[in-house]
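Subject: Structure handover

Hello,

Here is the structure I promised to pass on. Please open it alongside this email; my notes follow below.

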Amino acid sequence: MDLTNKTVVFLGDSITAGSSATSDEKVFHNVLKLETNIKKVVNLGAGGTRIARQKTPSEEEIYDDDFNLRYDRTGKCGDVIFIFGGTNDFGHGDAPIGSSQDDDVYTFCGALNVLLEKAVKDYGKENVILITPLHRLGENNLKGEGKKPADGEPLSVYVEAEKAVAKKRGVKIIDLWEEKRLNPNDEANACLFADGLHPNDDGHKLLAEILKEKIRRL
């Protein structure tokens with residue numbers, strides 16, 4: 001896939017927003033911009049946000065500004081869109097996973113189906129790319145980050161759900177879950193993360209390199 005001279009949209013959470021990078025220039029998509037001749041990056045990242053809508057309001061109001069709500073406010077604003085989320089649905093969301101057939105925004109799969117349907121309509125199937133979550137510390141904790149009212153699923157189940165919905169919608173997917181170079185559970189790679197979740201400057205740089213490799217093969 002060639003991104004030269006294209007306006008590229010990144011819809012995501014705090015990693016996309018640039019949390020733990022020391023400057024905007026060091027966030028993965030801005031590093032990628034320089035290395036792939038992207039004309040413009042549109043950063044639609046918002047910390048703490050989830051793909052699924054919540055029935056119980058969050059402690060932080062911004063967390064409830066889910067991916068569909070934000071997409072609806074912007075509509076199409078580029079040539080290509082990358083959707084990079086799911087780790088917060090695991091971490092502190094209360095929505096059930098659902099199934100790949102769902103169209104209910106109050107389930108993870110349903111909200112993702114709704115989002116991808118809109119994105120495909122606006123951008124075309126060939127220009128919508130779903131990015132799976134990275135590995136993180138505590139990824140097997142059934143209570144996510146510890147505040148879920150009931151046991152949920154490990155992060156790996158959210159990753160598999162994303163793959164299933166992407167397949168159903170026929171959109172491209174970049175699987176970061178398979179990427180061993182960016183896994184804070186590996187002691188050798190822990191130095192690439194600020195807190196076991198958010199990449200630091202070196203982590204963002206490596207993430208850009210990995211995405212560049214994978215985008216070339218799309």
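Contact here means heavy atoms within 4.5 Å. Helices (H or I, at least four residues) and strands (E, at least two) are DSSP runs, numbered from the N terminus.

This is a predicted model, where local features need pLDDT of at least 70, side-chain atom pairs count only at pLDDT 80 or more, and totals for chains, interfaces and linings use all residues. Residues are numbered from 1 along each chain as its sequence is written, and side-chain values use heavy atoms, with hydrogens and water left out.

**Helix pair α2 and α7**

Two packed helices are described by the angle between their axes and the distance between the axes. Axes are lines fitted to C-alpha atoms, for helices over the stretch in contact; angles run from 0 to 180 degrees between N-to-C directions. From α2 (residues 28–36), Phe28, Val31, Leu32, Glu35 and Thr36 meet His204, Leu207, Ala208, Leu211, Lys212 and Ile215 of α7. These contact residues divide into seven nonpolar, two polar and two charged. (Ala, Val, Leu, Ile, Met, Phe, Trp, Tyr, Cys and Pro count as nonpolar; Asp, Glu, Lys and Arg as charged; the others, Gly among them, as polar.) The α2 and α7 axes lie 8 Å apart, at an angle of about 50°. The two helices are therefore oblique to each other. (Under 35 degrees is roughly parallel, over 145 roughly antiparallel, 65 to 115 roughly perpendicular, and the rest oblique.)

**Helix pair α3 and α5**

The axes of α3 and α5 cross at roughly 20° and come within 10 Å. That makes α3 roughly parallel to α5. On the α3 side, the contact is made by Phe67, Asn68, Tyr71 and Asp72; the α5 residues include Ala111, Val114 and Leu115.

**Cores**

A nonpolar core is a set of buried Ala, Val, Leu, Ile, Met, Phe, Trp, Tyr and Cys residues joined through side-chain atoms within 4.5 Å. Buried means under 20% relative accessible area, exposed over 50%, partly exposed in between (1.4 Å probe, protein chains only). The largest core has 33 residues; Leu11, Tyr71 and Ile81 are among those with the most contacts inside it. Helix α5 supplies its largest share, nine residues. A second, separate core of 28 residues includes Val27, Ile174, Leu207 and Ile210.

Lysine 121 lies in α5. It counts as exposed, at 75% relative accessibility. Lysine 76 is 45 residues away from lysine 121 in sequence, and 9.6 Å away in space, C-alpha to C-alpha.

Best wishes
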